[in-house]
Structures are given as structure tokens and as C-alpha cells.
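Please keep the sequence and the model in view while reading.

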Amino acid sequence: MLLAQRGDRKSYETLFRSITPPLRAMIRKRINNAADAEDILQDILLSIHRASHTYDSNRPLRAWVFAIARHRLSDHWRRLYRNDALPPLCLDDLVEEIACADVTIERERSEYLGRMLDKLPEKQREIVTMMKIEGHSVEDTAKAMNMSVPAVKVSAHRAYKALARTINRDDL
Amino acid sequence: MDTDETIAQIVAEGAGKPLLRPARQLGLWLPGTLAYVAMLSFIMGWRDDLAARLSDPFYAAEIATLAGLGISAALASLFLSRPDAMQKPFIRFVPLTFLALWAATAFGRPHENLAAEAVHEILNCDLACALEILLYAFPPATALYLSGRRGAGTRPGWQGFLIVLSTGAIGYLGLRVIEPVDDAAHLIILHVLPVTILCAVGALMGRIWLRWPRKIKTA
């Protein structure tokens, strides 16, 4: 830049060719639309050119260049915001998206739980399913399984311990 | 126009000649401002008790902190006229230290009947002091605004605020050496308040006059 400020056009061109790729990468990280990103890149390059007299050769060039780039990007967002050009946010779409995400997560959890339960002995699996998934009481479960209440409690306790062991092993 | 064409156009125009460093810009601005303040004070007449008042450490400290505030705010505004603030963005807070010191030296002592006197000053609102502050501040502020416009600052609001804070402090200082009034209520209502309002206006003007154009065009 020092040479460019002294009138060396070749150095000026080299400078702009070398700062364009990192600037383009920075903009593309923030703006998806390639055409918009290229438009903003050109605006930033012109801004750097217009502010070239404010660069002090004793300071790092990178910080100066990126300060201008960040400022122009902020201007771009501000302009979009003021012109209402940001894509409108539809609450119904958002609710639907969240619901879809919930369903997906719920399904994943359910499938994982099913796999874990399959690893339990049949009797323990049925007790856990009745008590924890279907929400039956210990007494109802005992009646349905034709077992005593203490026996159901002991079986449930063993099932939980086995499940915890399996899950911990899977996590590791 | 694609990016390569833009670069070619930029290169054809060439880089601008570098601006003077902020300290050097200050070195050009400060003597002119001091000369203007001295000339204006001489025309309007120094306060009769100036020599005696300067022997009061609180008054001397107030004058010194006002001068520090004026100079540091001007220097900070010149730093902020660079996009990266010369990698010293914290410099905009330095004048605020002087501001706090000045407030402590000027109004740190307890004042009796301050509220009643303040109400009296409001009711007898006299705009002469505010106009005199404006008279002191306007030419130096214009010079700083023009310097600011030659730069390319990214905090135009701060820049405008600091320019008016600097020149407002100088105006306040000017009035302290010509007006033989040390009454706290008078100073707060008729000196501090106008400077505060001017600072707000300065910040707004900075956002309008010192901001970058929306779309940069080649020559």
C-alpha cells in the first residue's frame, strides 16, 4: 500500500488481487446469494480504494481492510433492514418447522429407547413399558403381569439398572 | 461490471495520497484554535479576577482538565476518522476520563441552595452564555468536521460527538476566563446544559455528515 500511495499502480493492483480472495471468503460466509456477495465485494473494494488515503503504513493492513469490510457489510444489513428487504418471517412456517424438528427428535429418541428395551429380558421389558411408557401404576402392572407388587418393583429396579449400564456403555 | 473490471478501474484511478497522522493534524488545528480563543477572549475582555482565581487550585485544575478534555477529544475524533481508528478504538474513551476529572474538580465540592439557584437560573433563562460558547466552539468545530470528512471513519456518531465535546469544552473554557461568575447553578444550567445539548446535536450531525456514502462510485 505504501508503494501504491506513492503512485505505483502495479503494487496497487497486486494489493487488490491479494485482498480479494479473503474478502470474498468473508462475505460468502455471511451472504448465501453469490450475486449479492459479489456486488458487496465490489462495493467493499471501491470503499477500500476511496479510503486508501487513510491507511497509515505503520499499521497492519489486514486490520484496516477488514474494518472497512465489516463496516460496509453492516451498512448492507442496515440498508436491507430499512428497506424491508430481509425475507419476511412467517410465524406459521416457524411453528411448522419447530414441530417437524420436534417430531424428528422425538422419533429418534423413541427408536433409541426401543433398541435399549430390546436388550432387556422380556419380563423386565414389559414391566418398564407398562410403567414408564404406558403410565400404569405398580399395582396395575402387577395385576396384568400376574405378579406381586414387590416382585414388580424388584424387576423394575433391575431393569432400570440394566438400562443405565447399557446406555453408559453406548455413550462411551 | 464484474470484480476484475472493478479492480482494473480502481487501479486506473490509483491510490490517494496519505493523510497526515492524527497527531500532526492536531498540531495544525491546535495553534489556530488557541489563537482564536485568545483573540476572542481578548476582544470580549478577560475576567478581572483571573489572576486571583488561577491561584485557586480547584479553578486551575478545572481549566487544566477542560484543556485536556478539549485536546484529547479533538485527537480522538481525528483517530476515529480512520476506518480502523489506527487500531486504537479505546481512544474514544480517553476524553471521558478528562470529563469525569473536570466534573469532579468543577462540581465536586458541596454547594448550598444548588437546587433553588438552579430553578432561578432556569426561570431567568439567558441565552447569552450559550451563544458565547457557540461563538467559541463554531470555527474550531468546523475545522474538525472538515478534517473528519477528509477521512473515512466507521463511527460517525462518536466522531461528531467528540468534535463537539472538544470544541464545547474549549467554549466552556473560554467563558470561564471571561465571565466572572463561579456560581455552580449558573454554570450547570447555562454552560454545561448547552454543551450537553450541543454534544447530542454533534453526534447526530456526525451521523449525517461524516458517514460513508451508501453506494461508493468510481470517479
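Helices (H or I, at least four residues) and strands (E, at least two) are DSSP runs, numbered from the N terminus. On that basis, the elements of chain A follow the order α-α-α-α-α-α-α-α from the N terminus on. The model is predicted: local features need pLDDT of at least 70, side-chain atom pairs count only at pLDDT 80 or more, and totals for chains, interfaces and linings use all residues. Residues are numbered from 1 along each chain as its sequence is written, chains are lettered from A and ligands numbered from 1 in the order in which they are written, and side-chain values use heavy atoms, with hydrogens and water left out.

**Chain A as a whole**

- Chain A contains 8 helices and 0 strands.
- Of the 172 residues in chain A, 35% are buried (buried means under 20% relative accessible area, exposed over 50%, partly exposed in between, with a 1.4 Å probe and protein chains only).
- Among the contacts in chain A with a separation of 6 or more, 52% are between residues 24 or more positions apart; a contact means heavy atoms within 4.5 Å.

**Helices H2(A) and H4(A)**

- The axes of H2(A) and H4(A) come within 11 Å and cross at roughly 40°. H2(A) is therefore oblique to H4(A).
- Axes are lines fitted to C-alpha atoms, for helices over the stretch in contact, and angles run from 0 to 180 degrees between N-to-C directions. Angles under 35 degrees count as roughly parallel, over 145 as roughly antiparallel, 65 to 115 as roughly perpendicular and the rest as oblique.
- Residues of H2(A) that meet H4(A) include Leu15(A), Ile19(A) and Met26(A); on the H4(A) side, the residues include Val65(A), Phe66(A) and Trp77(A).

**Salt bridges**

- Side chains of opposite charge can pair when their charged atoms come close. A salt bridge is a side-chain nitrogen of Lys or Arg within 4 Å of a carboxyl oxygen of Asp or Glu.
- Over all chains, the whole structure holds 14 salt bridges.
- Glu13(A) and Arg17(A) form a salt bridge through their side chains, at 3.3 Å from N to O. Because they are 4 residues apart in helix H2 (residues 9–30) of chain A, about one helical turn separates them. Glu13(A) is partly exposed at 26% relative accessibility, and Arg17(A) is partly exposed at 35%.
- In the salt bridge of Asp56(A) with Arg21(B), the closest N and O atoms are 3.1 Å apart. Asp56(A) lies in the loop between helix H3 (34–50) and helix H4 (61–82) of chain A, and Arg21(B) in the loop between helix H1 (3–13) and helix H2 (22–44) of chain B, so the pair joins two chains. Asp56(A) is buried at 9% relative accessible area, whereas Arg21(B) is partly exposed at 39%.
- Asp182(B) and Arg176(B) meet in a salt bridge at 2.8 Å, N to O. Asp182(B) is partly exposed at 31%, while Arg176(B) is buried at 3%.
- A network of salt bridges links Arg47(B), Asp49(B), Arg53(B), Asp56(B), Glu62(B), Arg176(B) and Asp182(B).

**A residue of chain B**

- Ala200(B) belongs to helix H9 (residues 184–209) of chain B and is exposed, with a relative accessible area of 52%.
- The C-alpha atoms of Ala200(B) and Val37(B) are 23 Å apart, and 163 residues separate the two along the chain.
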